[in-house]
Amino acid sequence: MANKESDQRIPSSLEKFILHLHPKKIDSRAIKFNRTFGLGGILALLFVIISLTGLILRFSYIPTVEHAYDSIIGIRDNTILGQFIRNLHHLSAKLMVLVSFLHLIRVYYSQSIFQKRAENWTYGLLLFFLVLASSFTGYLLPWDQLAYWAVTVITQIVEYIPLVGDSLAYLLRGSDTVDGNTLINFYTLHTGIIPLLFVVLMSVHFWLVRKAGGVALPKTEEKEKVDVIPNLLWKEIMVASIVIGGLFIVSVFYEAPLLDQANPLKSPNPSKAPWYFLGAQELLLHLHPFFGAVIIPLSAALFFFGLPYFQYKNVNIGVWFNSSLGKKMSIQSSSISFVFTFILIYILDHFLHFDIWFSGVPSVISTGVIPFLLYTLPLAGYLLFWYKNHTANNTEIIMACTSILLSSYVCMLLISLLLRGEGMQLIF
């Protein structure tokens, strides 16, 4: 009788809120940590931490060229726990970029983007764009040399876009150069517009996950259903506690970077973009701007947004890498692409000078078409080999293409981050 009464008890307000996010019962396979690694929940937690620390920092920050840098100094030296709050905000923002990237990879390689989840993949990509936009707009706010010249590099890359590049760069900066107008624009975006958009899209994203039935699982015999409370809830609390504890501990010893105050007349050498855009900066060192700033980014964006809608012959929703062959191809293509990209960049830097050899032809061909084909043709031949010799289907081929793109970008990012010295020369 007592058990019956306890089963019929009225849920608390907290339990009702949790059951808005999760169903009352859930497949036991869905709560295994290696199914999702808790990445979606970690992202939501990081957004909360960033929002709270950002609100605290707003009390002391002044978004003007004359006072921005000094206000950061004031936060660091004069505000109680000011440096800790800034460290926590900075680390959480960096971690959010990394975790959102890993989350997208997890969703894709577990084949969780098809059918009723296709729409949510689009929202996920838009949220990833907002994460980058938020980090980028926040990058300028300290108004130091690192921030000023990183934003200058990116806005100059925007200018390479034909026809509309100059107008877009001017709209972003609010001026011909990075100045006080840019600071106000970025502050408004970072503290107002982007967080509002993030809340809206994140709400839709979570709702679509719930509508699709939660975590995508393989179509095998359904396992035991378990109560969300406490089985899933305690795991979420444990992961959140580890993340918060780790961030707090690191924030005590880590110091968010702050160089000298921004000086438009003194450019650092090398002058680099924010770390997550370094792959794009590296690409522009080797390719004509029309390819590096337009063709490749646009093609990559269309490819990733179109992933759920290609005509696939065999899709195994919830199955990592779709098949054993898909797993083998993805791992091998990632490795080969990483090594090939590194070797090709080294060769282009030291031995292949197409701009000199073909000085009589348009630069879009000598530094655009030729290097582009030099990269794509060998990799296309590699994919053709899998298709012909191992009867790989189009699902596995497209997954290998995705792996090649991701691995190539990571390789370029690491090269620019770790191996580019003065004058953007390769150093070892």
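Me: In this predicted model, buried means under 20% relative accessible area, exposed means over 50%, and partly exposed lies in between. Is K25 buried, partly exposed or exposed?
Reply: Start with the value. K25 has a relative accessible area of 42%. The cut-offs are 20% and 50%. K25 is therefore partly exposed.

Me: Which residue forms a salt bridge with K25?
Reply: Side chains of opposite charge can pair when their charged atoms come close. Here the closest N and O atoms are 2.6 Å apart. The partner of K25 is D227.

Me: How many residues apart in sequence are the parts that D227 and K25 tie together?
Reply: K25 lies in strand β1, residues 25-27. D227 lies in strand β2, residues 225-227. The pair therefore ties together parts whose separation in sequence is 202 residues.

Me: Is D27 buried or exposed?
Reply: D27 forms a salt bridge with R29, with the closest N and O atoms 3.0 Å apart. R29 is buried, at 12% relative accessible area. D27 has 5% relative accessibility. Under 20% counts as buried, so D27 is buried.

Me: Which helix holds D349, the salt-bridge partner of R420?
Reply: The closest N and O atoms of R420 and D349 are 2.8 Å apart. R420 lies in the segment after α17 (394-418), so the pair ties together parts 71 residues apart in sequence. D349 lies in helix α14.

Me: What span should helix α7 have?
Reply: Helix α7 runs over residues 118-139, which makes 22 residues. The expected span is 1.5 Å times one less than that number.

Me: How many residues of α7 are buried?
Reply: Buried residues have under 20% relative accessible area. Helix α7 is mostly covered. Of its 22 residues, the buried ones number 17.

Me: Which helix gives the largest share of the nonpolar patch?
Reply: The patch includes I356, W357 and F358, and its accessible area is about 700 Å² together. W357 lies in helix α15 and is partly exposed, at 48% relative accessibility. Helices α15 and α16 each supply at least two residues. The largest share, 4 residues, comes from α16.

Conventions
Residues numbered from 1 in each chain as written. Predicted model: local features only at pLDDT ≥ 70, side-chain atom pairs only at ≥ 80, totals over all residues. Heavy atoms only, no water. Buried < 20%, exposed > 50% of the residue type's maximum accessible area, 1.4 Å probe, protein only. Patch = residues over 30% accessible without salt bridge, like charges linked within 9 Å, V, L, I, M, F, W, Y side chains within 5 Å. Areas by Shrake-Rupley, 256 points an atom, 1.4 Å probe, with all protein chains shown as cover. Salt bridge = Lys/Arg side-chain N within 4 Å of Asp/Glu carboxyl O.
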